[in-house]
Amino acid sequence: MDLAFIIALDVLNGAASLVLLCLGLAIIFGMMRVINLAHGEFVMLGAYATVISANAGLNIWIAMLVVAPLFVGVVGIVIERCLIRFLYGRLVDTMLATWGLSLLIVGLVTTLYGNTIKGVPTPLGGFSVGAYKSSYYTLFLAAVALVMLALVYVVMRRTRFGLVARATMQNPGMAATLGVNPSRIYMMSFGIGAAITGLAGGLLAPVSGVVPTMGAAYVAKAFITVVGGGSAILAGTASASGLFGLINQLGSYFTTPVFGEVILFISAIILIRILPQGISGRFFKGSL
Amino acid sequence: MRLPRRSVLKATLSASAALASPALLTSRAFGADAPILVGSLHDQSGPIAASGVPMVDSLILAIEEMNAAGGLLGRPLKLVHYDTQSNIQMYSQYAQQLALKDKVAVVHGGITSASREAIRPTFDRFKVLYFYNTLYEGGVCDRNTFCTGTTPAQTVEKLVPYAMKKSGKKAYIIAADYNYGQITAKWMTKYVKDNGGEILSVDFFPLDVTNFGPTISKIQAAKPDLLLSALVGGNHTSFYRQWTSAGMKAQIPIASTTFGLVNEPSTLDEKESDGVIGAYGYFEELTTPASTSYVKKLKAKFPDIPYISELAAATYEGFYLWAAGVKAANSIERDKVVAALEGGISYDGPSGKVVLDHATHHAIRNAYLAVAKDKKWSVIETYEQQKPLDTAGVCDLIKKPTDNQQYVIKI
Amino acid sequence: MTRFAGRPLLNWAALAAAVAALIAVPEFVEIFTLMQFTLFAAMGVLALSLGFIWGYGGILSFGQTAFFGLGGYAYAVSVINLGDSTGAIGIAIALPAVFAAILGYFVFYGRISDVYLGVITLTVTLILFNVVNATAGDEYRIGAAALGGFNGMPSVPTFNMPGNPSMVLDPTQGWYATGGALIFVYVALRLLLRSPFGRIAVAVRENEVRASLLGYDPRLIKLGVFVVGGAVAGLGGALYVNWGAFVSPTIFALSLSAEIIIWVTVGGLGTLIGPVVGCFMIQYLDSQIGTQQTFNSNLALGAILIVFVLLLPQGLIPTLRTLAGRAIAAPSRTAAKTTVAERPAEARQ
């Protein structure tokens with residue numbers, strides 16, 4: 001029974017990490033149709049921002065929850081202004097440019113900080129369930145994931161910005177006729193997507209190996225999840241993250257981590273074959 | 001800050017070559033002072049760069065020292081280094097370049113076993129002497145190749161009994177899912193059983209796994225006395241943090257053959273690394289005069305080198321062993337140098353005495369056992385002159401000099 | 001295609017020049033450069049496979065390395081078992097083709113398209129990488145060939161004269177075989193595109209609905225294009241393994257998959273020569289970057305790619321054609337318009 005509880009926590013943890021990793025990508029890719037191959041590097045930048053500011057003496061919570069998203073958000077806006085905005089509607093060119101960008105960011109961070117960096121310890125302690133132990137940080141990650149989902153929902157549904165943003169994504173020409181500046185909306189959305197990804201990086205920094213090339217481990221999985229989720233940002237990301245998190249963690253527990261990954265990939269293929277429009281294309285039509 | 005450092009480094013290299021050259025000016029007219037080229041293939045960018053950078057630094061230092069001392073056979077040495085970018089194809093490409101275009105006298109390089117196996121046939125084919133200076137799973141048997149790093153029989157054999165004595169008989173093994181991890185796990189299993197212990201489970205992880213939650217639960221359910229780790233790379237560092245944050249650090253001790261090879265004790269927090277047991281052919285913390293002077297020189301030259309592990313020290317020693325072979329042969333011709341190196345060449349390096357074994361072309365060298373404490377290693381045991389017994393069990397280049405393969409050692 | 005059909009003389013001249021270059025190169029360059037060219041030519045075959053299915057079939061595969069890697073492993077395993085490379089090359093082409101047929105049936109008959117198709121091919125590549133990577137143990141052998149996991153299979157026998165295993169090709173002959181294969185594949189794909197099948201494939205790329213209203217089955221056509229692409233990539237894999245005498249799971253790596261897309265985009269989508277040119281350029285750049293120590297290699301390559309996208313968005317060959325078209329037909333301006341119209345509008349979206 002205790003073991004079942006611990007495994008349930010693992011699943012929760014896996015799903016929450018996926019939600020955090022994918023939400024930013026879902027906004028950038030799902031809403032704007034920009035395939036951002038530098039997504040993993042945004043995660044890495046968030047982790048570096050956290051580690052560097054925490055090592056400089058800043059409170060770890062501020063470093064994770066404020067510095068990381070702000071920094072990566074600003075980086076995202078700069079990148080959008082200097083690069084991405086010339087490439088909207090050109091799916092392949094954005095891929096090429098962001099692939100170059102990802103190499104550039106890795107090279108830059110390595111040049112500045114070397115190949116390794118002193119990490120930060122995991123805050124919060126552990127707790128026991130019967131004979132088993134787990135960490136409060138797992139619960140904290142799950143809570144942040146939920147808060148982020150709620151926040152994005154509120155911003156997109158309840159604020160004027162959300163309304164205008166959704167309208168612009170659907171029909172930029174029409175929105176422009178109504179006096180909206182689509183270029184500004186794109187910039188903001190890209191910045192928000194980057195900031196959420198930076199937050200994910202900040203939150204993962206204490207529980208992962210922080211190195212310049214860490215982003216590569218995340219980008220493929222994040223894409224598969226976002227595409228598996230389909231066009232609805234929230235419903236899609238949440239459902240796909242939950243499903244894939246469950247499959248991956250249970251697969252890893254009952255077989256081996258190698259098969260955990262393989263099972264995850266196979267189920268993603270089957271999912272896309274059965275539901276070519278993603279989960280939300282079938283079950284959550286019209287939702288956000 | 002790597003960028004300016006590199007250009008400074010280039011400048012100092014050429015400066016020292018210039019300093020070394022006046023003595024040789026007399027023979028310039030005959031072309032005998034044309035530099036001897038030393039090839040280097042190490043990753044300086046990409047995921048494996050963290051291992052590769054200190055190795056090249058070490059090689060640069062060694063060449064500079066030798067040039068300052070008048071070069072080799074009266075000729076200066078010149079490093080020809082290519083960044084293999086953590087990409088196997090680049091290894092094959094640059095290996096051909098070193099052998100066919102640059103025509104180097106020797107190549108030091110290769111980090112992962114995959115990279116070594118990609119370039120070893122090229123150097124065999126084009127007859128270029130090859131030194132592989134990384135600890136690895138053992139079994140390479142090739143007269144053109146010398147392996148100067150430690151193999152499992154030299155380190156795991158010490159690590160496992162020590163850790164078992166400290167904790168208990170029931171062990172759980174976690175290892176990286178590729179040849180090094182798989183084979184090291186077999187050696188761990190063997191030594192645990194030899195010492196009367198029991199293996200509860202062996203788990204392998206692809207190199208890109210970052211979430212160890214399920215594994216930590218699984219280990220808890222198995223309740224081992226001891227955790228043996230052969231995890232590799234930046235992503236796997238996550239394990240130690242997640243292990244600590246789950247509160248398991250104080251419960252079950254860890255012994256590892258890979259932890260600390262890059263600089264894990266200093267990048268992780270004390271509470272994540274304290275108490276981890278490791279065994280290697282070299283630790284920066286060794287206090288012998290040879291070691292302290294090597295560390296001082298390397299750190300003076302490359303102030304931002306994170307940690308000097310066996311990788312860097314074995315590269316340094318590998319270079320000096322080759323140079324000793326060249327001196328003994330009085331030639332840089334491959335066959336003569338190989339014959340000289342097989343004559344029991346030895347070098348007193350930072351790690352102690354290193355002898356090349358004729359039968360295996362591996363190194364007989366000291367092994368050390370250490371425990372991580374306050375972001376540093378504290379060396380607690382020294383094992384003098386350990387032989388590469390694993391490879392010796394399958395490979396005998398005295399009896400069969402034409403042998404050329406990597407044996408999978410039956411354990 | 002119409003332009004090419006209209007200028008047969010030019011085509012023959014180009015082919016003759018390519019064959020002449022193939023024969024003449026070993027006379028002029030040293031052995032290292034020759035081996036480098038051999039590698040580039042092997043990769044050029046891989047670039048052609050994606051240039052064909054993407055540029056002419058509208059199928060963007062993120063995982064063309066799946067077929068490339070399968071071809072490489074199929075060659076290595078069968079040449080070790082058979083001892084003769086002739087049959088092994090055949091297997092290296094057939095196995096990826098069959099795999100492409102199965103995967104293609106699954107995908108196209110499920111009406112999966114666009115980016116979803118990209119993700120499926122990407123995922124298949126990741127699975128192959130993980131599975132092959134996990135074959136380090138002794139128990140994973142096929143006949144006499146141990147798969148070797150992450151370390152890969154070293155010392156794979158290279159090509160020999162057909163039917164005569166003891167006559168192993170030397171580097172010059174290896175260059176003739178690889179460069180010859182590249183020219184052969186190029187010409188074969190050109191001819192295929194001029195056949196009815198090729199014309200229908202382009203029609204499907206332009207507008208699936210219209211093509212099906214004309215009585216063609218777009219699913220079958222796309223499947224055909226995909227299988228041809230798989231076979232070509234498999235051949236590229238065999239050529240690659242022959243070059244290095246070595247194969248390891250990194251042949252399936254994500255970075256290589258992305259790099260092929262870059263070759264095609266840099267050279268120019270919707271042409272066959274563009275991907276080959278892009279491949280040669282980027283490969284050369286990669287190998288030059290590693291020989292300098294001033295900049296981190298990733299940094300330099302990344303910056304170059306970004307500048308390229310911003311300055312030459314159409315890719316090299318189409319840009320050159322437009323410029324040449326303008327220069328030649330400046331008064332009429334029709335030639336330049338044809339060039340633009342030939343670009344696959346849909347595949348770029």
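A residue is called buried here if 20 or more other C-beta atoms lie within 10 Å of its own, exposed if 12 or fewer, and partly exposed in between, with C-beta atoms placed from the backbone. By that rule B:Asn330 is exposed, because 11 other C-beta atoms lie within 10 Å. The model is a predicted one, in which local features need pLDDT of at least 70 and side-chain atom pairs count only at pLDDT 80 or more, while totals for chains, interfaces and linings use all residues. Residues are numbered from 1 along each chain as its sequence is written, and chains are lettered from A and ligands numbered from 1 in the order in which they are written.

B:Asn330 is placed in the loop between α12 and α13 (334-341) of chain B, where helices (H or I, at least four residues) and strands (E, at least two) are DSSP runs numbered from the N terminus. Its phi is near 55 degrees, a positive value in a residue other than glycine. B:Asp374 likewise has a positive phi, of about 50 degrees, although it is not a glycine, and this residue is found in the loop between β14 and β15 of chain B. B:Asp374 counts as exposed because it has 10 C-beta neighbours inside 10 Å.

The strands on either side of B:Asp374 form a hairpin, with two residues between β14(B) and β15(B). Strand β14 (residues 363-373) and strand β15 (residues 376-386) of chain B run antiparallel and are joined by eight bridges; two strands are taken to pair if DSSP finds at least two bridges between them. Within this pairing, B:Tyr368 stands opposite B:Thr382 in β15(B).

Chain B also holds an open sheet of five strands, ordered β2-β1-β3-β4-β6 with parallel pairing. Its edge strands, each pairing on one side only, are β2 (77-83) and β6 (145-147) of chain B. Neighbouring strands of this sheet are turned by 20 degrees against each other on average, direction ignored, where axes are lines fitted to C-alpha atoms, for helices over the stretch in contact, and angles in general run from 0 to 180 degrees between N-to-C directions. Strand β1 (residues 36-42) of chain B runs parallel to β2(B) and is joined to it by seven bridges, with B:Gly39 standing opposite B:Val80 in β2(B).

Another strand of chain B, β13 (residues 352-356), includes B:Gly352. B:Gly352 is buried because 21 other C-beta atoms lie within 10 Å. Not counting residues up to four places away in sequence, B:Gly352 touches B:Thr288, B:Arg365 and B:Asn366, two residues being in contact if their C-beta atoms, placed from the backbone, lie within 7 Å.

At the level of domains, whose bounds come from an automatic or database domain assignment, chain B is given domain 1 (2-150 + 288-365 + 387-406) and domain 2 (153-280). The C-alpha centres of these two domains of chain B lie 31 Å apart, and the contact between them takes 17 residues from domain 1 and 15 residues from domain 2. On the domain 1 side, the elements that give two or more residues are α2 (49-68), α12 (310-329) and α14 (389-392) of chain B.

Chain A meets both of the other chains. In its contact with chain B, 40 residues of chain A touch 46 residues of chain B, and α1(A) supplies the largest share of the chain A side, seven residues. That side divides into 15 nonpolar, 21 polar and four charged residues, where Ala, Val, Leu, Ile, Met, Phe, Trp, Tyr, Cys and Pro count as nonpolar, Asp, Glu, Lys and Arg as charged, and the others, Gly among them, as polar. The contact with chain C takes 34 residues from chain A and 33 residues from chain C. Here α4(A) gives the most to the chain A side, with 16 residues, and the residues of that side divide into 26 nonpolar, four polar and four charged.

A nonpolar core is a set of buried Ala, Val, Leu, Ile, Met, Phe, Trp, Tyr and Cys residues joined through C-beta atoms within 7 Å. The largest such core has 345 residues, of which A:Leu20, C:Val45, C:Ala47, C:Leu48 and C:Leu235 touch the most other members. Helix α1 (residues 2-31) of chain A gives the most to this core, with 18 residues, and the core draws at least three residues from each of domain 1 and domain 2 of chain B. Leaving aside neighbours within four places in sequence, C:Leu235 is in contact with C:Val45, C:Gly71, C:Ala92, C:Ile93, C:Ala181 and C:Val185.
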